[in-house]
Amino acid sequence: MSLQKPKYLGFGLGLRPQHYGDILDGTPKVDWFEAISENYMVPGGKPLQMLDQIRDRYPIVLHGVSLSIASTAPFDDAYLANLKSLAERTEPEFVSDHLCWTGVHGVNLHDLLPVPYTNEALDHVVSRIQHVQDYIGRPIALENVSSYVQFDQSEMSEWDFISEMTKRTGCWLVFDVNNVFVSAFNHGYDAQTFIDAIPADRVVQFHLAGHEDNMTHIIDTHDALVCDEVWELYRASVRRFGRVSTIIERDDNIPPLADMVSELTIARDIADEIFREENLADRSVGATA
């Protein structure tokens with residue numbers, strides 16, 4: 001299993017069916033796409049055909065929502081087999097999912113549920129990451145999720161849990177900037193503390209997205225523009241982690257591809273500005289051109 005850091009991909013978008021035609025019929029200013037793994041874990045059909053065609057033209061990353069890495073339920077062997085098969089077919093730049101659990105006792109709750117940050121949970125998650133990486137034959141990347149409750153049993157912070165997790169498993173990290181903003185607001189901690197505590201050499205991707213601000217709490221909805229506060233947190237993340245592959249996600253109220261590309265240009269411009277200001281253009285830890 002290769003431990004080489006995935007290469008820098010530039011600026012991409014979450015792949016959505018609404019945009020298939022525009023992607024294949026034109027040349028949008030998008031460097032790569034992130035495909036939701038479960039949408040293509042089938043033996044055939046139009047979605048897989050579309051993915052094959054887009055993969056011929058653009059790098060892709062597979063991003064899952066049902067690995068349930070922190071669940072106490074046994075892994076679904078069929079799921080892992082399908083994920084491995086899809087990865088072998090598409091040869092993604094890397095395979096990612098979320099640091100969460102999504103179900104138990106055979107029931108998928110279709111939500112990204114938080115983990116108690118205890119030593120017992122850490123040992124459990126580490127063991128399961130190692131199992132998945134051994135099974136699919138490649139390191140995975142895990143994303144921090146947004147959360148709305150915390151566990152009284154937690155023995156460490158989320159960032160300490162994540163740092164130890166990647167140290168013990170060699171997994172990579174997808175740093176979701178919006179999720180950090182959402183959780184920091186909901187739980188009353190400083191988002192910069194989270195950024196400063198994460199090992200910079202393990203972050204391989206930034207996620208950006210919109211959310212719903214309910215004044216007393218924020219919900220991660222992926223149905224709106226990235227807000228100014230998250231753009232500012234993205235600036236801080238680029239300064240901390242350097243040149244990292246970046247995407248914008250939209251799962252509802254999906255606008256035309258041209259509008260998504262326009263929003264993506266904001267991320268390009270912010271990163272380019274920071275690299276010019278701080279001379280970080282060549283700071284890509286472990287990446288290859």
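User: Why is E91 called partly exposed?
Analyst: E91 has a relative accessibility of 44%. Buried means under 20% relative accessible area, exposed over 50%, and partly exposed in between (1.4 Å probe, protein chains only), so E91 counts as partly exposed. The model is predicted: local features need pLDDT of at least 70, side-chain atom pairs count only at pLDDT 80 or more, and totals for chains, interfaces and linings use all residues. Residues are numbered from 1 along each chain as its sequence is written, and side-chain values use heavy atoms, with hydrogens and water left out.

User: Where is E91, and what is its phi?
Analyst: E91 is in the loop between α3 and β4. These labels come from DSSP runs numbered from the N terminus (helices are H or I, at least four residues; strands are E, at least two). The phi of E91 is positive, about 45°, although E91 is not a glycine.

User: What makes M215 exposed?
Analyst: M215 has a relative accessible area of 68%, so it counts as exposed. This residue is in the loop between β10 (211-213) and β11 (218-220). M215 is not a glycine, yet its phi is positive, about 75°.

User: Which class does G21 fall into, and where is it?
Analyst: At 35% relative accessible area, G21 is partly exposed. G21 belongs to helix α1 (residues 20-25).

User: How do you know that the end-to-end distance of α4 agrees with its number of residues?
Analyst: The expected span is 1.5 Å times one less than the number of residues. For the 18 residues of α4 (residues 119-136) this gives 26 Å, and the end C-alpha atoms are 26 Å apart, so the two agree. G137 follows α4 with a positive phi, near 75°.

User: Which residues of α4 are buried, and what do they pack against?
Analyst: Among the buried residues of α4 are L122, V125, I129 and V132; R128 and Q133 are buried too. The buried residues of α4 pack against α3 (77-90), β4 (95-98), β7 (140-143) and α5 (158-169).

User: How do you know that β3 and β4 pair?
Analyst: Two strands pair if DSSP finds at least two bridges between them. Strand β3 (residues 60-63) is joined to β4 by two bridges, and the strands run parallel. H63 has S96 of β4 as its bridge partner.

User: What makes both faces of β4 covered?
Analyst: In a regular strand the side chains alternate between the two faces of the sheet. In β4, V95 and D97 lie on one side and S96 and H98 on the other, and all are buried.

User: Why is α6 called largely enclosed?
Analyst: Nine of the eleven residues of α6 (residues 177-187) are buried, so the helix is largely enclosed by the rest of the structure. The buried residues include V177, F181, S183 and H187. Just after α6, G188 has a positive phi of about 75°.

User: What caps the N-terminal end of α6?
Analyst: A side-chain oxygen of D176 lies 3.1 Å from the backbone nitrogen of N178. A polar contact is a pair of N or O atoms within 3.5 Å; within protein, one must be able to donate a hydrogen and the other to accept it, and residues adjacent in sequence count only if both atoms are side-chain atoms. D176 therefore caps this end of the helix. The backbone nitrogen of D176 in turn lies 2.9 Å from a polar side-chain atom of N144.

User: Is N144 buried or exposed?
Analyst: N144 has 3% relative accessibility, so it is buried. N144 is in the loop between β7 and α5. Leaving out residues up to four places away in sequence, N144 has contacts (heavy atoms within 4.5 Å) with residues including E158, F175, N179 and F194.

User: How do you know that C171 is in no disulfide?
Analyst: A disulfide is a pair of cysteine sulfur atoms within 2.5 Å, and the count by this rule is zero. The cysteine sulfur nearest to C171, that of C100, is 13 Å away. C171 is buried, at 0% relative accessibility. C227, at 18% relative accessible area, is buried as well.

User: Why is R268 called buried, and what does its side chain reach?
Analyst: R268 has a relative accessible area of 12%, so it is buried. Its place is in helix α9 (residues 257-278). The side chain reaches the backbone oxygen of K29 at 3.2 Å.
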